[in-house]
Amino acid sequence: MKALILGGTSGLGLGIVTSLEKKGYHPITLSRQKIDSVSHYKCDLGDIGTSLEAFSRIKRDHSSLDLIVCVAGYVSPTNLENQTSEVYDQHIIRNLGYVDLAFDFFKEVLRDVSHPVFVTIGSRWSLKTGCTELLPYIAAKHALRLFTQQKARINPWLKINNYCVPQMHTPASLDVRKKLLEINPYKKQKVFDKDLADPTAIASSLITHLLDYDNKSGVYSIHQTGKIIRNGNKP
Ligand SMILES: NC(=O)c1ccc[n+]([C@@H]2O[C@H](COP(=O)([O-])OP(=O)(O)OC[C@H]3O[C@@H](n4cnc5c(N)ncnc54)[C@H](OP(=O)(O)O)[C@@H]3O)[C@@H](O)[C@H]2O)c1
């Protein structure tokens with residue numbers, strides 16, 4: 001069985017790759033890093049042209065895919081007065097745009113397998129309010145959640161889940177914290193969870209939930225402890 005992980009070389013994506021390998025999947029990864037492996041494709045998902053080129057190469061090299069996980073995200077903390085439409089566009093393109101592109105591109109490949117699965121990654125931050133510096137990110141993750149729900153509704157043949165993950169100890173998240181504190185040191189108490197979750201443990205909970213339980217397509221929230229609840233239910 002083959003799994004394509006868009007953003008599978010660090011942070012949560014790397015954890016997902018490890019968990020999928022333990023379940024017997026052959027992972028195919030895509031990210032901006034250059035990695036010397038026939039199963040890795042270098043590409044910036046913020047660029048439609050190079051994304052389509054990489055997707056074509058993946059389709060040519062792998063005639064079937066059982067599972068696709070869209071992990072890569074983008075967040076750039078910005079003061080309210082600097083949140084131009086370009087800033088919003090970048091967040092939409094890099095959190096939702098590439099997912100939409102991948103869904104359309106690989107949909108027919110997924111149709112050929114017996115239990116096709118498509119996963120998007122949201123944020124528990126996008127379920128909260130109180131951080132104006134992250135509004136473009138929060139809006140993009142909200143749109144991604146809606147996208148996932150709509151695709152689930154019109155494609156009952158496909159299991160399609162959105163997982164809203166907690167704050168984790170990843171290189172990208174530490175960078176965001178640094179930038180956020182540069183903009184507004186007071187934010188520290190207001191928006192940061194006390195404990196950062198381990199991305200390997202969160203990935204393991206996500207993959208177990210996705211593959212070992214016969215749950216319906218939907219939006220799920222992952223707690224810092226790894227506990228997963230369907231969106232709308234209290235933890
Ligand atoms: N970490 C947190 O605390 C946290 C909290 C809530 C939600 N999330 C969400 O969880 C997901 C994973 O977050 P993460 O912290 O592991 O960091 P991330 O920056 O999304 O990195 C995950 C993977 O995506 C790749 N990637 C990022 N941007 C890319 C691009 N433009 N093109 C191609 N590949 C790209 C990275 O490799 P390269 O950098 O080499 O390209 C890496 O392999 C994201 O969707 C994020 O929004 C994270």
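Me: Which way does α3 pass α4, left-handed or right-handed?
Reply: The crossing of α3 past α4 is right-handed (the near helix is turned clockwise from the far one by less than a right angle). Bear in mind this is a predicted model: local features need pLDDT of at least 70, side-chain atom pairs count only at pLDDT 80 or more, and totals for chains, interfaces and linings use all residues. Residues are numbered from 1 along each chain as its sequence is written.

Me: OK, and what angle do α3 and α4 pack at?
Reply: About 20 degrees, for α3 (residues 85–111) against α4 (residues 135–154), with the axes 8 Å apart. Axes are fitted to C-alpha atoms, for helices over the stretch in contact, and angles run from 0 to 180 degrees between N-to-C directions. Helices are DSSP runs of H or I, at least four residues, and strands of E, at least two, numbered from the N terminus. So α3 and α4 are roughly parallel to each other (under 35 degrees).

Me: Which residues of α3 and α4 make the contact?
Reply: On α3, they include Y88, I92, L96, V99 and F103, and on α4, Y137, A140, L144 and F147 are among them (C-beta atoms, placed from the backbone, within 7 Å). By class, that contact of α3 with α4 has 13 nonpolar, two polar and three charged residues (Gly counts as polar).

Me: What about α1 and α7, what angle do they pack at?
Reply: About 50 degrees, with their axes 8 Å apart. That is why α1 and α7 are oblique to each other. Their contact takes in G11, L12 and I16 of α1, among others, and I202, A203 and L206 of α7, among others. It divides into eight nonpolar, six polar and no charged residues.

Me: And the sheet, in what order do the strands come?
Reply: Eight strands form an open sheet, β3-β2-β1-β4-β5-β6-β7-β8, with mixed pairing (strands pair if DSSP finds at least two bridges between them). The edges are β3 (40–42) and β8 (228–230), each pairing on one side only. From one strand to the next, the twist averages 20 degrees.

Notes
Parallel < 35°, antiparallel > 145°, perpendicular 65-115°, else oblique. Contact = placed C-beta atoms within 7 Å.
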